[in-house]
Amino acid sequence: MYLFIVIVLFVFAISGLVVGVTNDAVNFLNSANGAKAAKSWIIMLIASFGILIGTTFSSGMMDIARKGIFVPTMFEFSEIMFIYLAVVLTNVILLDIYNTLALPTSTTVSVVFSLLGAALAASIMKIDEVSQIPQYINTDKALAIIAGILLSVVIAFTVGTVVQFVTRLIFSFRYEKALKRYGAIWGGFCIAAITYFILIKGAKGSSFMSNTMYDWIQDHTLLILGMSFLGWSLLIQTLRSLFKINIPRLIILVGTFSLAFAFAGNDLVNFIGVPLAGFEAYLAENSMTGAIPETFLLLIAGAIMTITLWFSKKSKHVSETELSIASQDVGDERFASSALSRSVVHGMVVVNDFFAKIVPTKLKHKVSERFSRPAIISNSENQSFDMIRASMNLTIASSLIALGTSLKLPLSTTYVTFMVSMGTSLADKAWGRESAVYRMTGVFTVIGGWFLTAIIALFVSMLFSFLLLWGGMISVLGLVALAIFLLVRSSFVHKKKEKEKTIQHEIEESNDLLVMCNDHTLKILDLVPDILEDNLKACYKEDRKKIKAINVESKFLMEDTKNRKNNFTLRLRDIDEDSLEYGHFYLQMLHYIREFSHSIDQIVGASYEHIYNNHRGLSKEEYEELDYLSSNIKDIFK
């Protein structure tokens with residue numbers, strides 16, 4: 001049975017690498033992709049190289065999976081194997097669900113809380129009273145890890161906001177002139193910071209770094225840092241003079257490498273740390289030696305992550321969430337407004353108005369000039385933000401994450417990169433009055449998902465651990481089958497969503513107002529009578545499942561038409577000038593469709609309440625008359 005568990009651990013380790021990279025690729029690709037710093041294949045190649053090199057620096061982090069959360073000597077071999085299996089199954093299922101929902105979450109939080117939950121379940125079955133739990137669980141270590149993760153959120157957002165504000169004051173949005181003056185110094189500083197945290201601090205986790213070499217690096221930190229700053233500054237100035245290189249682009253590409261490097265060094269433990277720990281426990285229990293070298297296994301893991309990076313379609317789906325919130329331009333927003341976001345934004349407006357009154361007028365004008373954006377920032381199409389912000393995103397995030405790696409603190413790559421990106425967006429005034437409430441809702445949705453990750457991982461791993469400890473091999477087979485079923489099912493769900501999204505994207509891509517107006521109107525005129533017809537059938541048959549699905553569909557239609565009407569003026573900015581004369585027809589169409597959606601929502605909502613309150617459904621005569629009316633309405637719509 002335990003040999004089977006080891007095999008299952010490694011199989012799901014591969015699956016964990018796939019779903020983990022799919023989730024975390026957003027962390028090191030978004031800045032380069034958002035700023036369109038280079039062609040996609042160049043960005044991917046640099047990130048792949050960073051992952052492969054970074055995997056060799058992650059062995060020091062493996063101790064967290066082995067003994068960071070619980071005390072292995074307090075558990076029997078069978079209990080340890082069941083704990084590790086519960087953790088792996090929980091992580092693979094949970095991360096795949098988040099990928100399908102296109103929400104970035106923390107693989108670090110997932111594995112830490114899964115270990116905590118599974119070990120806690122095993123402890124509960126062994127102890128007589130609660131006070132004995134600290135003997136089994138490293139509560140101090142667990143709390144330190146959790147505190148470090150939560151603290152990283154605050155630090156990342158604060159540092160991102162402050163550094164980007166100062167950077168933008170120096171360079172503004174028209175940064176070419178400033179780059180000519182002190183771009184080499186700025187570039188040297190950024191890349192020196194990356195070099196310091198990645199190659200010096202990150203060296204501590206290397207599987208091949210000797211203690212003597214590491215001690216020498218630590219003793220000569222200032223010398224290396226100073227020489228790195230001077231060397232990079234001179235090199236950048238030389239390259240700019242000879243080849244007119246784009247300094248921000250260079251920083252972005254180096255930063256992409258560094259963040260991919262830090263990701264592999266810091267987060268690889270989340271995917272293969274537990275299976276490797278289980279494999280080592282199995283070898284020790286059976287007095288086996290000659291195991292596969294850890295460095296070799298790490299490189300295999302790096303190769304799997306690299307392949308996933310190139311071919312995963314879900315990673316692009318997750319990436320869109322962060323880019324939509326951080327985008328400098330206002331457009332169709334991914335998230336709707338909420339009461340919390342409206343309250344926060346109103347409070348920020350009040351505070352801003354207060355400071356506007358006390359800050360000297362001349363100072364306000366000077367700051368406003370530095371933050372005023374030209375009509376066209378870049379010739380790059382679909383650029384979410386400029387290269388200055390992208391370079392700072394990568395510099396700040398890679399530095400913070402590498403620092404955490406060197407201290408063996410599993411800082412969440414997702415938390416740090418996301419919050420740095422949000423901080424730089426705030427400093428850059430990307431969240432204007434037209435978009436702030438929607439962007440804040442997006443931030444709260446993602447952060448709320450992080451807390452859910454911790455809660456779900458804790459309780460699901462506890463449940464799985466209890467089942468495995470009680471059921472043995474039967475539970476092993478049952479949970480493995482459940483995990484496979486959920487992974488296959490989510491793959492089909494994702495493919496269906498992608499197909500629907502492609503069709504919708506083709507309609508939305510048109511900048512011809514008449515084409516867009518006609519396409520959307522035809523879609524609604526087909527959809528509304530179908531909803532009405534399905535609603536009548538569900539009421540007649542008292543089909544609770546069907547009418548619930550119809551109610552969800554009508555609510556979505558209502559929200560979609562509301563957002564389209566609210567974003568009318570924003571949408572006009574992207575419309576071809578020749579078709580703007582039809583703008584009033586487009587607005588009138590949106591108004592009529594809004595009325596359609598409101599009416600159908602009233603009908604479906606009332607029907608839903610009627611059936612779910614267990615009232616009697618439609619009689620045969622009522623259904624026949626209403627169906628006759630519905631078919632006539634359908635003819636009118638056609």
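Visitor: Let us begin with F165: is F165 buried or exposed, or something in between?
Guide: F165 is partly exposed, with a relative accessible area of 33%. Here buried means under 20% relative accessible area, exposed over 50%, and partly exposed in between (1.4 Å probe, protein chains only). Keep in mind that the model is predicted: local features need pLDDT of at least 70 and side-chain atom pairs pLDDT 80 or more, while totals for chains, interfaces and linings use all residues. Residues are numbered from 1 along each chain as its sequence is written, and side-chain values use heavy atoms, without hydrogens and water.

Visitor: How do I read a pair of rings?
Guide: A pair of aromatic rings is described by the distance of the centres and the angle of the planes. Rings of Phe, Tyr and Trp (its six-membered ring) pair if their centres lie within 6.5 Å; planes under 30 degrees apart count as stacked, over 60 as edge-to-face and the rest as tilted.

Visitor: How many aromatic pairs does that rule give?
Guide: The count comes to 16 aromatic pairs. In one of them, F165 and F371 have ring centres 5.2 Å apart and planes at 25°, so this pair is stacked. F165 belongs to helix α7 (residues 139–171) and F371 to helix α15 (residues 361–371), so the pair links distant parts of the chain, 206 residues apart. Helices (H or I, at least four residues) and strands (E, at least two) are DSSP runs, numbered from the N terminus. F371 is buried, at a relative accessible area of 5%.

Visitor: Why is the pair of F171 and W186 called tilted?
Guide: Their ring centres are 4.8 Å apart and their planes at 55°, so the pair is tilted. F171 lies in α7 and W186 in helix α8 (residues 176–201), 15 residues apart in sequence. Both F171 and W186 are buried. Elsewhere, ring pairs join Y2, F77 and F82 into a cluster.

Visitor: Which charged end sits over the ring of F173?
Guide: That of R168, 3.9 Å from the ring centre. The rule asks for NZ of Lys or CZ of Arg within 6 Å of the ring centre and within 35 degrees of the ring normal. Likewise, the charged end of R544 sits over the ring of Y612, 4.1 Å from its centre.

Visitor: And how do I read empty space?
Guide: Rolling a probe the size of a water molecule over the atoms shows where empty space is left. On a 1 Å grid over the protein atoms alone, a cavity is a set of points where a 1.4 Å probe fits but cannot get out; a pocket is an open set with protein on both sides within 12 Å along at least five of seven lines, and lining residues have an atom within 4 Å of a point. Grid points are joined across faces, edges and corners, and a volume is the space filled by probe spheres set on the points.

Visitor: What is the volume of the largest cavity?
Guide: About 100 Å³. It has 15 lining residues, and S31, E322, N393, T417 and S421 are the closest to its centre. Helix α1 gives the most to this lining, with 4 residues.

Visitor: Which residues lie nearest the centre of the second largest pocket?
Guide: F165, M348, N352, F355 and K429, out of 24 lining residues. This pocket has a volume of about 920 Å³, and α14 supplies the largest share of its lining, 8 residues.
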